[in-house]
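Let's go through the labels used for this model and ask what each one rests on. The structure comes up next, and then the questions start.

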Amino acid sequence: MSNTLAAVEGSLSSVGYGLAAIGPGVGVGIIFGNGTQALARQPEAAGLIRANQILGFAFCEALALIGLVMPFVY
């Protein structure tokens, strides 16, 4: 009889995606947090700041989508 501390059943890749989703989540929070501070400091540059926010958000979400697809590759 083996002494097992924990048994993992199912797909381990879903656990990996859960851990990988932390990075884009933190990135999106940093982008919009700093964007809000920038808008508060320079409201006249709202268009440029918002465009950069959307671009950064798109890059972070692209990383999250790649992480979602990678478990299905194997």
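Before the questions, one definition: buried means under 20% relative accessible area, exposed over 50%, and partly exposed in between (1.4 Å probe, protein chains only). This is a predicted model, where local features need pLDDT of at least 70, side-chain atom pairs count only at pLDDT 80 or more, and totals for chains, interfaces and linings use all residues. Residues are numbered from 1 along each chain as its sequence is written, and side-chain values use heavy atoms, with hydrogens and water left out.

Q: What makes Gln-53 buried or exposed?
A: Gln-53 has 10% relative accessibility, so it counts as buried. This residue sits in helix H3. Leaving out residues up to four places away in sequence, Gln-53 touches Ile-31, Phe-32, Gly-35 and Thr-36, where contact means heavy atoms within 4.5 Å.

Q: Which class do Val-26 and Val-69 fall into, and why?
A: Val-26 has a relative accessible area of 48%, so it is partly exposed. Val-69, at 46%, is therefore partly exposed too. Val-26 belongs to helix H2, and its C-alpha lies 9.3 Å from that of Cys-60, 34 residues away in sequence. Val-69 belongs to helix H3, and its C-alpha is 9.1 Å from that of Tyr-17, 52 residues away along the chain.

Q: How do you know how many helices and strands the chain has?
A: They're DSSP runs, numbered from the N terminus: helices are H or I with at least four residues, strands are E with at least two. On that basis the chain has three helices and zero strands, and the pattern along the sequence reads α-α-α.

Q: Why are H2 and H3 called roughly antiparallel?
A: Helix H2 (residues 22-41) and helix H3 (residues 46-73) pack at about 175 degrees, with axes 9 Å apart. Axes are lines fitted to C-alpha atoms, for helices over the stretch in contact, and angles run from 0 to 180 degrees between N-to-C directions. Angles under 35 degrees count as roughly parallel, over 145 as roughly antiparallel, 65 to 115 as roughly perpendicular and the rest as oblique. H2 and H3 are therefore roughly antiparallel. Among the residues that meet are Ile-31 and Phe-32 in H2, and Gln-53 and Phe-57 in H3. By class, this contact of H2 with H3 has twelve nonpolar, five polar and two charged residues.

Q: And what makes H1 and H2 roughly parallel?
A: Their packing angle is about 20 degrees, with axes 4 Å apart, and H1 and H2 are therefore roughly parallel. Gly-18, Leu-19 and Ala-20 of H1 make the contact with Ile-22, Gly-23 and Pro-24 of H2.

Q: Where is confidence lowest, and where is it highest?
A: pLDDT is the predictor's confidence in each residue, from 0 to 100. The lowest is helix H1 (residues 12-20), with a mean of 77, and the highest is H2, at 94. The chain averages 85, and 86% of the residues score at least 70. Where pLDDT is low, the predicted coordinates should not be read in detail.

Q: What share of the chain counts as buried?
A: 15% of its 74 residues do.

Technical notes. Ala, Val, Leu, Ile, Met, Phe, Trp, Tyr, Cys and Pro count as nonpolar, Asp, Glu, Lys and Arg as charged, and the others, Gly among them, as polar.
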